[in-house]
Amino acid sequence: MNSHDPQFFITKLGLIPHREGGYYKQSFHSSESISDQELTTDFDGKRMLYTSIYFLLTSKDISHFHRLKSDELWYYHAGSPLTIHVIDENGDYKEIKLGLNLDKGEVPQALVPKGTIFGSSVMEPDTFSLVGCMVSPGFEYKDFELFTQQELLEQYPQHKDVILKMAYEKIPD
């Protein structure tokens, strides 16, 4: 195994399949927690101040469109660049290129604000991207919302091409 092989990172970092696509492992989490009393977002119960994961996608995988109740910071680590596909709360679509080629518009870190619909895909064929994702307040599956193509097409028909690529036809069990 070498560092240019996704299996190297999957094995060495102990990554497991993620429900939204790709592989992940929680790397850090806060020992402090917060309630929605101090925030503008409604949560059920308390949340850790932050959680952080390693996240790996191959060019054969996508991270399907989903939404969180928390901000998510993305950090590029290794492999090829990654595209974060974003439909913001105003319904506007944009792509964020996560990588190290600043001359080509890539950025080494990016913020996906809470309430944003987003997913990600690897930009180059036959490769992978390893990134870090920190969610604050911390990630909880009950704050995680996956979308079907039909749900998104009803709201954002102008983004049909990317929705058909990045959303599930039917959410898996």
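These legends walk through several close-up views of one predicted model. In this predicted model, local features need pLDDT of at least 70 and side-chain atom pairs count only at pLDDT 80 or more, while totals for chains, interfaces and linings use all residues. Residues are numbered from 1 along each chain as its sequence is written, and side-chain values use heavy atoms, with hydrogens and water left out.

**View 1. The largest nonpolar core.**
Welcome to the inside of the structure. The largest nonpolar core has 21 residues. A nonpolar core here is a set of buried Ala, Val, Leu, Ile, Met, Phe, Trp, Tyr and Cys residues joined through side-chain atoms within 4.5 Å. Buried means under 20% relative accessible area, exposed means over 50%, and partly exposed lies in between, using a 1.4 Å probe and protein chains only. Phe 55, Trp 74, Leu 82, Ile 84, Leu 98, Phe 118 and Val 131 have the most contacts inside this core. Among the elements that give two or more residues to the core are β5 (51–58), β7 (71–79), β8 (82–87) and β12 (128–136). Strands are DSSP runs (E, at least two residues), as helices are (H or I, at least four), numbered from the N terminus. A second, separate core has eleven residues, including Ile 62, Phe 147, Tyr 156 and Met 166. In soluble globular proteins, nonpolar side chains tend to be buried together.

**View 2. Strand β5 and its neighbours.**
Seven of the eight residues of β5 are buried, so this strand is largely enclosed by the rest of the structure. Strand β2 (residues 23–29) runs antiparallel to β5, joined to it by six bridges; two strands count as paired if DSSP finds at least two bridges between them. His 29 stands opposite Thr 51 in β5. Eight bridges join β5 to β12, again in the antiparallel sense, and there Tyr 54 faces Gly 132 in β12 as its opposite residue.

**View 3. An open sheet of five strands.**
Follow the order β9-β8-β11-β6-β13 to cross this open sheet, in which the pairing is antiparallel. β9 and β13 stand at the edges with a single partner strand each, so one side of each is left without a neighbour in the sheet. From one strand to the next, the twist averages 30 degrees (axes are lines fitted to C-alpha atoms, for helices over the stretch in contact, and angles run from 0 to 180 degrees between N-to-C directions). β8 and β9 pair over six bridges, and Val 86 stands opposite Lys 94 in β9. These two strands form a hairpin with five residues between them, and Gly 91 in the turn has a positive phi of about 90 degrees.

**View 4. Three salt bridges.**
The structure holds three salt bridges, each a side-chain nitrogen of Lys or Arg within 4 Å of a carboxyl oxygen of Asp or Glu. Asp 143 and Arg 47 meet at 2.6 Å, N to O. This pair links distant parts of the chain, 96 residues apart: Asp 143 is in the loop between β12 and β13, and Arg 47 is in strand β4. Asp 143 is buried at 7% relative accessibility, and Arg 47 is buried at 1%. Glu 145 and Arg 67 form another salt bridge (3.0 Å, N to O). Glu 145 lies in strand β13 and Arg 67 in strand β6 (residues 62–68), so the pair ties together parts that are 78 residues apart in sequence. Arg 67 also stands opposite Glu 145 in the strand pairing, where three bridges join β6 to β13. Lys 97 and Glu 95 meet in a salt bridge too (2.9 Å, N to O); Lys 97 is partly exposed at 24%, as is Glu 95 at 40%.

Phe 28, Leu 49 and Tyr 50 make a nonpolar surface patch of about 280 Å². Patches are made of residues with over 30% relative accessible area and no salt bridge, with like charges joined within 9 Å and nonpolar side chains (Val, Leu, Ile, Met, Phe, Trp, Tyr) within 5 Å. Accessible areas come from the Shrake-Rupley method with a 1.4 Å probe, and for residues only the protein chains shown count as cover. Leu 49 sits in the loop between β4 (46–48) and β5 and is partly exposed at 35%. Gln 37, in the loop between β3 (33–35) and β4, is exposed at 68%.
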